[in-house]
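Hello,

Here is the structure I promised to pass on. Please have a look, and then read on for what I found in it.

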Amino acid sequence: MLRCARNDSLVPVIARSGATKQSRAADSPVIIIHSLAHAIAALSAAAEAGRPVTLASAPDAGIYAGPAWFGALVAAARTAVPEAQCAALIDCGDDAGAAQAAIRAGIEGIIFTGRSDVADRLADIASQHGARLLTTRPVPALDLGDAFFAAPEVLHRCCLEFLHAV
């Protein structure tokens, strides 16, 4: 059974100047996706609820799966559910190379948990490309990982229930 949890936590975002400010991750509920089926279910529920969502990768997915995979997954989901509004957020852990690849791939939100001096440089590069860099991972609002093989209607229902609850 999927458990939907509320996400009200604020996360630090490195601004271009390197100063830290508080911001909600994409100002929308965060749903951790692990597959195209997850992304489509999340976007279908978001469109039905009339709410934007943030599609976030699993921890370190930018390292082991890569930004190209995540970018293609998000693009395919957006094509499948064009009426949905969403932001994308890929976790690159402490791998600066993966974070740079995510910037080059056009991912709009990148999580980098490495050294602060590297984060400052990456934040500057990201801002030049219209992306934002977070230095901590937002507490997941809904992680669909436990439902990797769930039927699409089960995923959709869980996402919709979550969006109505937050």
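Is Phe148 buried, exposed or partly exposed? Phe148 has a relative accessible area of 38%, which makes this residue partly exposed. Please keep in mind throughout that this is a predicted model.

The chain holds six helices and eight strands, and their order along the sequence is β-β-β-α-β-α-α-β-α-β-α-β-β-α. Of the 166 residues in the chain, 44% are buried. If you take the contacts between residues at least 6 apart in sequence, 64% of them join residues at least 24 apart.

Now to the aromatic rings. Searching the whole structure gives two aromatic pairs. Trp69 and Phe70 make up a tilted pair, with 6.2 Å from centre to centre and 45° between the planes. Trp69 is partly exposed at 35% relative accessibility, whereas Phe70 is buried, with a relative accessible area of 0%. Phe148 pairs with Phe149: the ring centres are 4.9 Å apart and the planes stand at 80°, so this pair is edge-to-face, as the angle is over 60 degrees. Phe149 is exposed, with a relative accessible area of 79%, while Phe148, as said above, is partly exposed.

Next, a pair of helices. Helix α4 covers residues 96–104 and helix α5 covers residues 116–128. They pack with their axes 10 Å apart and at an angle of about 10°. Because that angle is under 35 degrees, α4 counts as roughly parallel to α5. On the α4 side, the residues that meet α5 are Ala96, Ala99, Gln100 and Ile103. Their counterparts in α5 are Val118, Leu122, Ile125 and Ala126. Sorted by type, the residues of this contact are seven nonpolar, one polar and no charged.

Two serines may interest you as well. Ser28 sits in the loop between β2 (20–23) and β3 (30–32). With a relative accessible area of 11%, Ser28 is buried, because this value is under 20%. The side chain of Ser28 is joined to that of Thr54 by a polar contact of 2.8 Å. Apart from neighbours within four places in sequence, the residues in contact with Ser28 are Pro52, Val53 and Thr54.

Ser44 belongs to helix α1 (residues 36–49) and is partly exposed, at 24% relative accessibility. Setting aside neighbours within four places in sequence, Ser44 is in contact with Val81 and His156. Which distance separates the C-alpha atoms of Ser44 and Cys159? The answer is 8.7 Å, although these two residues are 115 residues apart along the chain.

Last comes a point about the backbone. Most residues other than glycine have a negative phi. Asp60 is not a glycine, yet has a positive phi, near 65°. Asp60 lies in the loop between β4 (53–56) and α2 (61–64), and at 36% relative accessibility this residue counts as partly exposed.

Definitions and conventions. Residues numbered from 1 in each chain as written. Predicted model: local features only at pLDDT ≥ 70, side-chain atom pairs only at ≥ 80, totals over all residues. Heavy atoms only, no water. Phe/Tyr/Trp six-rings, centres within 6.5 Å; stacked < 30°, edge-to-face > 60°. Buried < 20%, exposed > 50% of the residue type's maximum accessible area, 1.4 Å probe, protein only. Axes fitted to C-alpha atoms, helices over the stretch in contact; angles between N-to-C directions. Helix = DSSP H or I, 4+ residues; strand = E, 2+ residues; numbered from the N terminus. Parallel < 35°, antiparallel > 145°, perpendicular 65-115°, else oblique. Contact = heavy atoms within 4.5 Å. Nonpolar A, V, L, I, M, F, W, Y, C, P; charged D, E, K, R; others polar. Polar contact = N/O pair within 3.5 Å; in protein donor to acceptor, adjacent residues only side chain to side chain.
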